[in-house]
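Look at the structure shown below and keep the sequence beside it. The paragraphs after it go from one detail to the whole chain and back to single residues.

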Amino acid sequence: VAGNIIKIENMADTAKRLSIYMITVILGLIIHSMITIQTLYFLATRKNPFKFLKGMLQAWLTAVGTA
């Protein structure tokens, strides 16, 4: 891995591209989890999806903390 990192000619450009990619992925995940899934939950159950999320908060934090 270190050998491949040394071969990178323009580290700043590579880091910039990687950060744009990471931001894109994170934004996509946020949109998916906060809009898409919540809308589907509401349409399927006609219940408030944010109350459901509040009940899952502890399990979600445990999953993120141990990932």
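Which backbone nitrogen does a side-chain oxygen of Asn48 reach at the start of H3? The nitrogen belongs to Phe50, and the oxygen comes to within 3.0 Å of it. A polar contact is a pair of N or O atoms within 3.5 Å; within protein, one must be able to donate a hydrogen and the other to accept it, and residues adjacent in sequence count only if both atoms are side-chain atoms. The model is predicted, so local features need pLDDT of at least 70 and side-chain atom pairs 80 or more, while totals for chains, interfaces and linings use all residues. Residues are numbered from 1 along each chain as its sequence is written, and side-chain values use heavy atoms, leaving out hydrogens and water.

Helix H3 covers residues 49–66. Helices (H or I, at least four residues) and strands (E, at least two) are DSSP runs, numbered from the N terminus. With 18 residues at 1.5 Å a residue, H3 should span 26 Å, and its end C-alpha atoms are 25 Å apart, which agrees. The expected span is 1.5 Å times one less than the number of residues. H3 also has a kink of about 50 degrees, centred on Met56; the bend at a residue is the angle between axes fitted to the seven residues ending there and the seven starting there.

Now take the whole chain. The protein chain has three helices and zero strands, in the pattern α-α-α. Its radius of gyration is 19 Å, well over the 11 Å that the globule rule gives for 67 residues, so the chain is more spread out than a compact globule. This radius is taken over C-alpha atoms, and the rule is 2.2 Å times the number of residues to the power 0.38. Along its principal axes the C-alpha trace spans about 55 × 25 × 15 Å. Buried residues make up 3% of the 67 (buried is under 20% relative accessible area, exposed over 50%, partly exposed in between; 1.4 Å probe, protein chains only).

A search of the whole structure finds one aromatic pair. Tyr41 and Phe52 are stacked, with 4.8 Å centre to centre and 20 degrees between the planes (ring centres of Phe, Tyr or the six-membered ring of Trp within 6.5 Å; stacked under 30 degrees, edge-to-face over 60, the rest tilted). Tyr41 lies in helix H2 (residues 11–45) and Phe52 in H3, eleven residues apart. Tyr41 is partly exposed at 22%, and Phe52 is partly exposed at 40%.
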